[in-house]
Amino acid sequence: MDRMKKKKVIVIGAGFSGISAATALAEKGYDVHVLEKNAEPGGRARVFREGGFVFDMGPSWYWMPDIFETYFGKFGKKPSDYYELKRLDPSYSVILSESEVIDIPADLEGIKTLFESYEEGASSQLDKFLKQAAYKYRVGIQDFVWRPSVKFTEFLSVKLLIDAIRMDVFSSFYKHIRKFFKSSTLLKLMEFPILFLGAISQNTPAMYSLMNFAEITMGTWYPMGGMHQIVNGMVALAEEKHVKFTYNTEVTGFEIVNKHVRAVKTAKGLIEADMVVASADYHWVEKLLGDDFRNYSEEYWDKRVMAPSSLLFYLGISKRLPKLKHHNLFFDRDFSVHSHEIYTDPSWPSDPLFYASAPSVTDPSVAPEGCENVFLLIPVAPDLEDTDVQREKYFHQLMDRLEAYCGENIRDSIVYKRSYAHQDFMSDYHAFKGNAYGLANTLFQTAILKPSLKNKKLDNLYYTGQLTVPGPGVPPSLISGLVVANEVDKSLRK
Ligand SMILES: Cc1cc2nc3c(=O)[nH]c(=O)nc-3n(C[C@H](O)[C@H](O)[C@H](O)COP(=O)(O)OP(=O)(O)OC[C@H]3O[C@@H](n4cnc5c(N)ncnc54)[C@H](O)[C@@H]3O)c2cc1C
């Protein structure tokens with residue numbers, strides 16, 4: 001044990017998956033050192049402050065609170081030891097047109113009443129749907145996502161095959177949801193959570209109705225202070241376990257001897273390790289490894305279906321915008337056109353759907369008094385030419401729609417504005433094709449079919465994060481870190 005305790009693990013990257021892996025490995029007794037290229041932790045969930053505004057840079061939806069409980073619970077802690085959660089009600093607002101806005105109630109009875117108002121019998125259909133989805137959530141979240149997916153044999157069992165069939169792994173969410181509802185509005189509402197998986201419902205396995213189950217029955221939450229409070233809590237917990245974090249330190253290569261990583265290269269010199277866990281974007285790590293040691297060719301990567309990138313605007317507004325809720329989905333345009341422009345014919349969208357978040361509606365600490373903190377997001381195809389002119393064009397498109405919806409001029413009250421898109425994802429995170437959310441969760445990019453969390457040519461390099469199992473999103477990234485920590489521990493104990 002003493003000898004094992006001294007084994008040194010380097011974790012590359014301090015995003016959710018890296019911090020999760022580091023903490024679990026420190027808990028198991030290893031000497032863990034996290035190297036992060038940026039000046040602060042959080043990765044895609046970093047925060048910045050400007051003129052009294054506090055901007056969460058990435059995630060804004062806190063779903064699946066049970067996974068956060070499980071995460072902190074593994075270390076004898078609770079989320080409430082580190083941050084205060086508030087349940088949002090309404091959970092979010094869906095803007096179907098300037099005159100048709102649906103506020104999604106937090107309670108199930110309220111949702112059923114809403115569904116019934118759109119389609120007779122829809123509330124009992126929702127019950128049936130949720131009953132099936134509950135099973136998928138139970139098996140998916142308690143079993144499937146915890147499998148490291150490094151060997152086919154992990155999935156060779158009759159029970160698992162039966163589970164997979166009952167889970168609807170092999171049919172699409174698109175078909176599945178149409179067995180329950182006909183109303184185009186209800187279909188839109190039910191297909192929204194699937195967008196989090198980075199693919200359209202036609203290409204997403206029906207088992208992901210577990211997302212609807214989580215959203216409808218467990219609610220939409222917000223950590224007071226902002227989403228980065230989760231990161232702060234996780235870093236505090238990691239430091240309690242003696243994980244060492246070094247920021248502004250980019251890993252630029254590997255020293256490899258006899259198919260073994262002896263050290264990682266940084267501008268400050270070589271840092272030796274017994275084991276390396278790379279939570280930085282998988283494709284970038286492969287590039288650093290070079291042709292001899294990478295798991296997958298460039299051709300392989302080019303064929304992956306990436307989840308969308310995003311064009312983002314962080315805005316400080318010098319007045320309140322009473323029409324906005326915390327989460328506002330502008331679904332007032334044709335999604336089939338927008339999704340075609342993301343997935344089928346990648347191009348800048350002609351007339352996009354977008355999302356507006358105003359956390360200052362819930363949390364006065366993220367904006368100066370009397371001001372609104374607004375975050376706008378347009379999902380866009382990865383790998384597009386990203387220019388200031390293009391960003392500005394969309395900024396004005398969104399402003400036109402936001403002003404029309406809010407019924408007031410907003411542009412003249414903007415006291416802070418920052419845009420963020422492909423170029424920034426690449427320079428800040430080395431994101432492949434400027435992706436925001438990693439790989440899409442399509443059937444052919446699920447479990448064993450995802451990029452492996454083990455390097456097959458080196459005996460001490462593992463990967464974690466949104467480009468490997470189980471997939472994109474904050475809860476999956478936390479799970480990914482815990483899963484890789486178990487694999488690393490098994491390997492180091494051999
Ligand atoms: C705009 C946006 C909105 C999102 N919204 C949501 C949401 O509402 N809910 C949700 O659940 N999920 C959301 N997500 C997804 C979620 O944020 C990600 O899936 C998750 O944060 C990924 O974590 P990660 O650890 O895999 O990667 P990252 O967060 O990217 O962490 C990787 C880290 O590695 C570092 N790194 C890279 N290269 C090197 C190197 N060479 N040396 C050292 N360090 C390096 C990076 O700087 C980074 O800190 C959103 C993502 C984005 C971008």
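Q: How many aromatic pairs does a search of the whole structure find?
A: This is a predicted model, where local features need pLDDT of at least 70, side-chain atom pairs count only at pLDDT 80 or more, and totals for chains, interfaces and linings use all residues. Residues are numbered from 1 along each chain as its sequence is written, and side-chain values use heavy atoms, with hydrogens and water left out. Rings of Phe, Tyr and Trp (its six-membered ring) pair if their centres lie within 6.5 Å, and planes under 30 degrees apart count as stacked, over 60 as edge-to-face and the rest as tilted. With that rule, the number of aromatic pairs is 41.

Q: Which class does the aromatic pair of Phe53 and Phe55 fall into?
A: Both Phe53 and Phe55 are buried, where buried means under 20% relative accessible area, exposed over 50% and partly exposed in between (1.4 Å probe, protein chains only). The ring centres of Phe53 and Phe55 are 5.9 Å apart, with 20° between the planes, and the pair is therefore stacked.

Q: Which side chain makes a polar contact with that of Glu372?
A: Glu372 sits in strand S17 (helices, H or I with at least four residues, and strands, E with at least two, are DSSP runs numbered from the N terminus). Leaving aside neighbours within four places in sequence, Glu372 has contacts (heavy atoms within 4.5 Å) that include Phe53, Leu315, Lys319 and Ala358. A polar contact is a pair of N or O atoms within 3.5 Å; within protein, one must be able to donate a hydrogen and the other to accept it, and residues adjacent in sequence count only if both atoms are side-chain atoms. At 3.0 Å, the partner of Glu372 is Arg320.

Q: Why does Glu372 count as buried?
A: The cut-off for buried is under 20%. Glu372 counts as buried because its relative accessible area is 1%.

Q: What is the volume of the largest cavity?
A: On a 1 Å grid over the protein atoms alone, a cavity is a set of points where a 1.4 Å probe fits but cannot get out, while a pocket is an open set with protein on both sides within 12 Å along at least five of seven lines; lining residues have an atom within 4 Å of a point. Grid points are joined across faces, edges and corners, and a volume is the space filled by probe spheres set on the points. The structure holds two cavities of 30 Å³ or more. The largest cavity has a volume of about 140 Å³.

Q: Which element gives the largest share of the lining of the largest cavity?
A: Its lining has 18 residues, with Asp56, Ser60, Ser357, Pro359 and Asn373 nearest the centre. Two or more residues come from each of strand S4 (53-56) and strand S17 (372-380). The largest share, three residues, belongs to S4.

Q: How many charged residues line the second largest cavity?
A: This cavity has about 70 Å³ of space, and its lining includes Tyr92, Phe115, Met190 and Glu215. Helix H4 (108-118), helix H8 (184-191) and helix H9 (209-218) each give two or more residues. Ala, Val, Leu, Ile, Met, Phe, Trp, Tyr, Cys and Pro count as nonpolar, Asp, Glu, Lys and Arg as charged, and the others, Gly among them, as polar. By class the lining has eight nonpolar residues, one polar and, for charged, one.

Q: Which residue caps the N-terminal end of H8?
A: H8 is mostly covered, with six of its eight residues buried. Those buried residues pack against elements including H4, H7 and H9. At the N-terminal end, a side-chain oxygen lies 3.2 Å from the backbone nitrogen of Thr185, and the capping residue is Ser183.

Q: Which element gives the largest share of the lining of the second largest pocket?
A: The pocket has a volume of about 390 Å³. Of the 20 lining residues, Arg178, Lys188, Glu191, Phe335 and Ser336 are the closest to its centre. The largest share, four residues, comes from H8.

Q: What is omega for the peptide bond from Asp89 to Pro90?
A: Pro90 is in the loop between strand S5 (85-87) and S6. The bond from Asp89 to Pro90 is cis, with omega near 5°.

Q: What is phi of Met64?
A: Met64 lies in the loop between S4 and helix H3 (65-73), and is buried, with a relative accessible area of 8%. Although Met64 is not a glycine, its phi is positive, at about 55°.
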